[in-house]
Amino acid sequence: MFDQLVSLLQRQVAALEAVESRLRALELLVVADEQRFVARAMDELEQAAERLAALELGRALVLSSAGLPVDAAATDLVTAADEETVAVFRDVVERLRSAAARVTEARERTYAVLKPGAEELRQRLVATEAYAGA
């Protein structure tokens, strides 16, 4: 079971790295005012996020089939791992945590650059409502 879980967590690390990469691309496109590519970047980000969600579901299924709680913390799982798997498991969990932290940072940076454009879009929508007599 832990071999499956380690493999799945390694794929989650790769998926998180893909999300981070897509967030960075989106951030750069917005900063460079390359609006024509933003929609494609958003689509790619959505696809990467969907892959990550699917892997999270797979993780829950592996834990459930092993009779473990699906929301078990990684530190709790380490204590249940056999000696041969503990080092590999700890390594992949640390890489997963690091990747998740980088995604959080990338998401915050991307939100920051998107926020002014979102406000401008909101104002345009408000103006359209005024023109429509709403």
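I'll start with A100, which sits in helix α4, residues 83-131; helices here are DSSP runs of H or I with at least four residues, numbered from the N terminus. This is a predicted model, so local features need pLDDT of at least 70 and side-chain atom pairs count only at pLDDT 80 or more, while totals for chains, interfaces and linings use all residues. Residues are numbered from 1 along each chain as its sequence is written, and side-chain values use heavy atoms, with hydrogens and water left out.

Back to A100. Its relative accessibility is 32%, so it counts as partly exposed; the scale is buried under 20%, exposed over 50%, partly exposed in between, with a 1.4 Å probe and protein chains only. A54 is 46 residues away from A100 along the chain, and their C-alpha atoms are 16 Å apart.

Next, the core. The largest nonpolar core has 33 residues, a core being a set of buried Ala, Val, Leu, Ile, Met, Phe, Trp, Tyr and Cys residues joined through side-chain atoms within 4.5 Å. The members touching the most other members are L5, L9, V19, L77 and F89. At least two residues of this core come from each of α1 (2-31), α2 (38-65), α3 (74-80) and α4. The most come from α1, with 12 residues.

Take L5. Leaving aside residues up to four places away in sequence, L5 touches R59, V62, L63, L77 and F89, contact meaning heavy atoms within 4.5 Å.

Last, D33, in the loop between α1 and α2. D33 counts as exposed because its relative accessibility is 54%. Its phi is near 60°, a positive value in a residue other than glycine.
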